[in-house]
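Try each task before reading its solution.

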Amino acid sequence: MRRSVRSFRHFRYAFQRQECNYSFNVNGGGPYVEYERRIAAGELVDGDSFQVGTLRELQRLYDELVESADACKLDRYTASDKSGRSRWLWSRLMPQSWYSPIKGLYLYGGVGTGKTMLMDLFFDQLPVNWRKKRIHFHDFMLNVHSRLQRHKGVADPLEVVAGEISDEAILLCLDEFMVTDVADALILNRLFRHLFNNGVILVATSNRAPDNLYERGLQRDLFLPFITTLKERCVAHEIGSAVDYRKMTSAQQGFYFVGKESSSLLKQKFQQLIGEQKACPQEVEVVMGRTLQVPLGANGCAYFPFEELCDKPLGAADYFGLSNNFHTLALEGVPIFGLHNRAAAYRFVTLVDVIYENRARLLCTAEGSPLDLFDRIVTIADAQQMAPRTSTRSRKNDDSDLCVDNELGFAKERTISR
């Protein structure tokens, strides 16, 4: 499965400079300058004018950061050399906090509209000596929880973790910001309050508007202050495009076989990839001493029945560990999702996110097309708009497995696209 959104062949921002109220410093570099270079080199073709506003916001932020680099303490060579724990001890004696003079940027919109590509275009133009970090949100939260484990016993371990993160990166770029885990939801407000107090500037992409994050999640009232903080420290910008550019590219490396009888085709492809090597059970490390059992693995390829990977209590850490050890995953028997296997659906969404983020390859067999797999997963709004069901037995059976879940209902569009 190739990361098709990174293929610039399908992006051109129909930018008319006279339409902009903001005056770009086009001589100083930045995402817009790089955009024009790629057009001149023939790397971009006509695309979606909705992305013009996003490019404008990113160039504005780039210019502000360059102008205020010293005030924002972006240069890693002039930053404080105190460790995160030392920073925490020092803050007990000399309490101090400061917000960055620059607000961050929160980009949200539909699937495949180029959010990740645009953020990467912005990130890649930033000076190499800046304290900056670009990471997937799943990976970021795994890292946070791992750090929290290391600092058990400290009065406020989140403050120490925030100090460590801000020592490493003042500009933090998080891709695919999506909150589904209650453990993440409950710490995000305190974590980011500390990060913003340390001067961190956040740039994030998401499928959800800030007000819709963690919608209808457990104990959401405790999460709401984070939304307020996020809106205070970031400019929220929607990419209103209806075009899914991933669907305009060909995933030549991945294979998606429909039908239970296609298992033999999957095994044949797997065998072709491993060549003369013999597949055998393997064990890979994930995080914090945990391991994952791989039923069959060889030559950088892993083979799993769906039940072994998505019906068991696994998560993003396991999938990151898997993708760090194997460049190709063959997954047999992806089912139709509904209320009865909602947990497996969540894991499958996370698995595809991790594979996509790590530019790994997916081969799979499934009971139906990507659309069919998630047909019974709907948002609350979708459920309210559905036609009234009749009283026939088949309709009742359909209703009994209908899964009304806002987070999963939105996430499925991203998974289908990928």
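The exercises below cover a pocket, a helix pair, an aromatic pair and a cavity.

This is a predicted model, in which local features need pLDDT of at least 70, side-chain atom pairs count only at pLDDT 80 or more, and totals for chains, interfaces and linings use all residues. Residues are numbered from 1 along each chain as its sequence is written, and side-chain values use heavy atoms, with hydrogens and water left out.

**Exercise 1. Find which residues lie nearest the centre of the largest pocket, and which helix gives the largest share of its lining.**

Step 1: On a 1 Å grid over the protein atoms alone, a pocket is an open set of points with protein on both sides within 12 Å along at least five of seven lines, a cavity is a set where a 1.4 Å probe fits but cannot get out, and lining residues have an atom within 4 Å of a point.

Step 2: Of the 35 lining residues, Thr180, Asp181, Val182, Tyr346 and Thr350 lie nearest the centre.

Step 3: Helices are DSSP runs of H or I with at least four residues, strands are runs of E with at least two, and both are numbered from the N terminus. Helix 12 (342-357) is among those supplying at least two lining residues, and its six residues are the largest share.

**Exercise 2. Work out how helix 5 and helix 7 cross, and which residues meet.**

Step 1: The axes, lines fitted to C-alpha atoms over the stretch in contact, with angles from 0 to 180 degrees between N-to-C directions, come within 12 Å and cross at roughly 80°. That makes helix 5 roughly perpendicular to helix 7 (65 to 115 degrees).

Step 2: Contact means heavy atoms within 4.5 Å. Phe137, Phe140, Met141, Val144, His145 and Leu148 in helix 5 touch Ala183, Asp184, Ile187, Leu188, Leu191, Phe192 and Leu195 in helix 7.

**Exercise 3. Describe the pair formed by Phe192 and Phe226.**

Step 1: Rings of Phe, Tyr and Trp (its six-membered ring) pair if their centres lie within 6.5 Å; planes under 30 degrees apart are stacked, over 60 edge-to-face and the rest tilted. The count comes to 17 aromatic pairs.

Step 2: Phe192 and Phe226 are tilted, at 5.5 Å centre to centre and 55° between the planes. Phe192 is in helix 7 and Phe226 in helix 8 (residues 224-233), so this pair ties together parts 34 residues apart in sequence.

**Exercise 4. Locate the largest cavity's lining.**

Step 1: Lining residues include Tyr319, Leu322, Phe326, Leu351 and Arg361.

Step 2: Helix 11, strand 10 (328-334) and helix 12 each give two or more residues to this lining.

Methods:
Angles under 35 degrees count as roughly parallel, over 145 as roughly antiparallel, 65 to 115 as roughly perpendicular and the rest as oblique.
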